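Here is a friendly walk through one model, to be read with the structure open beside you. Please take a look at the fold before reading on.

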Amino acid sequence: SESAYIYRPLEFHSDENNKDHDPNAQYKLMCEIECGSTVGSIGVGYEDFMHANQESGYAKLYIPCFEKDRILVFAMGSGDEPEEQDF
């Protein structure tokens, strides 16, 4: 496929026997990322990515695009706009 598909759970149910996962989970497409080349498996990390401005502790998605010899990196965050800083 030439697109990466990111899904999110609709809701999470747990009980005493299934604390870590929900075998009845349902997911909804959150976004499609068109890469224009074959997409490999998406990697997830929580370390800060290089020296870019970002909110620490949030997931980073690493999407390999093979024919373009690139890895796209998307940083998740709180969704809050950062405060402007005067320099």
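Residues 24 or more positions apart account for 43% of the chain's contacts with a separation of 6 or more, a contact being heavy atoms within 4.5 Å. This is a predicted model, in which local features need pLDDT of at least 70 and side-chain atom pairs count only at pLDDT 80 or more, while totals for chains, interfaces and linings use all residues. Residues are numbered from 1 along each chain as its sequence is written, and side-chain values use heavy atoms, with hydrogens and water left out.

**Overall layout**

The chain has five strands and zero helices, giving the pattern β-β-β-β-β along the sequence. Both kinds of element are DSSP runs numbered from the N terminus: helices are H or I with at least four residues, and strands are E with at least two. Of the 87 residues, 18% count as buried. Here buried means under 20% relative accessible area, exposed means over 50%, and partly exposed lies in between, using a 1.4 Å probe and protein chains only. The accessible surface of the chain is about 7,400 Å², and carbon and sulfur atoms hold 48% of that surface. Accessible areas come from the Shrake-Rupley method with a 1.4 Å probe, and for residues only the protein chains shown count as cover.

**Strand β4 and its partners**

Let us start with β4. Five of its six residues are buried, so β4 is largely enclosed by the rest of the structure. On one side, β4 pairs with β5 in the antiparallel sense over six bridges; β3 and β4 are also antiparallel, over three bridges. Two strands are called paired if DSSP finds at least two bridges between them. Within these pairings, Pro64 has Ile71 of β5 as its bridge partner, and Gly45 is bridged to Lys60 in β4.

Leaving aside neighbours within four places in sequence, Ile63 is in contact with Ala4, Ile33, Cys35, Val39, Ile42, Arg70, Ile71, Leu72 and Phe74. Ala4 is 59 residues from Ile63 in sequence, yet their C-alpha atoms are 7.5 Å apart in space.

The hairpin of β4 and β5 has four residues between its strands. One of the loop residues there is Asp69, placed between β4 (60–65) and β5 (70–75). The phi of Asp69 is near 50°, a positive value in a residue other than glycine. Asp69 is exposed, with a relative accessible area of 74%.

**Cysteines and a buried serine**

How many disulfides are counted in this model? The count comes to zero, where a disulfide is a pair of cysteine sulfur atoms within 2.5 Å. Cys35 is in no disulfide, and the nearest cysteine sulfur, that of Cys65, is 3.6 Å away. Cys35 is buried at a relative accessible area of 6%, whereas Cys31 is partly exposed at 28%.

Ser37 sits in the loop between β2 and β3 (43–45). This serine is buried, with a relative accessible area of 1%. Not counting residues up to four places away in sequence, Ser37 touches Ser1, Glu2, Cys65, Phe66, Glu67 and Lys68.

Which residues make the nonpolar surface patch of about 450 Å²? Tyr5, Tyr7, Tyr27 and Leu29 do. The elements giving two or more residues to this patch are β1 (3–9) and β2 (27–34). Patches are made of residues with over 30% relative accessible area and no salt bridge; like charges are joined within 9 Å, and nonpolar side chains (Val, Leu, Ile, Met, Phe, Trp, Tyr) within 5 Å. A salt bridge is a side-chain nitrogen of Lys or Arg within 4 Å of a carboxyl oxygen of Asp or Glu. Tyr5, one of the patch residues, is found in strand β1.

**Accessibility at a glance**

| Residue | Relative accessible area | Class |
|---|---|---|
| Ser37 | 1% | buried |
| Cys35 | 6% | buried |
| Cys31 | 28% | partly exposed |
| Tyr5 | 40% | partly exposed |
| Asp69 | 74% | exposed |
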